[in-house]
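Thanks for coming. I will walk through one model, beginning with a pair of side chains and ending with the chain as a whole.

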Amino acid sequence: MPLEVYAFSNKNKWAEYEAIQSDIFDHLLVALREFDLKLYQEPSGEFGTLK
């Protein structure tokens, strides 16, 4: 099931924004276990064609 995350922040310093983004994804990754879900990322572009 694809999941798209939209979030907004009033922080305009890059390091603060990155920290918020990291916290959101940390929480999402931990929540996967609660729903018995597993993370999967499909390679795209030239990375998907390397052998």
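**The aromatic pair**

Tyr17 counts as partly exposed, because its relative accessibility is 33%; buried means under 20% relative accessible area, exposed over 50%, and partly exposed in between, with a 1.4 Å probe and protein chains only. Before I go on: this is a predicted model, where local features need pLDDT of at least 70, side-chain atom pairs count only at pLDDT 80 or more, and totals for chains, interfaces and linings use all residues. Residues are numbered from 1 along each chain as its sequence is written, and side-chain values use heavy atoms, with hydrogens and water left out.

How many aromatic pairs does a search of the whole structure find? The search finds 1. Trp14 and Tyr17 form that pair, with 5.4 Å centre to centre and 35 degrees between the planes, which is tilted. For the cut-offs, rings of Phe, Tyr and Trp (its six-membered ring) pair if their centres lie within 6.5 Å; planes under 30 degrees apart count as stacked, over 60 as edge-to-face and the rest as tilted.

Both residues belong to helix α1 and sit 3 residues apart, about one turn of the helix. Helices here are DSSP runs (H or I, at least four residues), as are strands (E, at least two), numbered from the N terminus. An α-helix has 3.6 residues a turn, so residues three or four places apart point the same way. Trp14 is exposed, at 63% relative accessibility.

**The helix and what follows**

Helix α1 covers residues 14-34. Its 21 residues reach 31 Å from first C-alpha to last, close to the 30 Å expected at 1.5 Å a residue; the expected span is 1.5 Å times one less than the number of residues.

In the segment after α1 we find Asp36. Its phi is near 55 degrees, a positive value in a residue other than glycine. Most residues other than glycine have a negative phi. Asp36 is exposed, with a relative accessible area of 70%.

**The whole chain**

The protein chain has 1 helix and 0 strands. Its radius of gyration is 15 Å, well over the 10 Å that the globule rule gives for 51 residues, so the chain is more spread out than a compact globule. That radius is taken over C-alpha atoms, and the rule is 2.2 Å times the number of residues to the power 0.38. Along its principal axes the C-alpha trace spans about 40 × 30 × 15 Å. Buried residues make up 0% of the 51.
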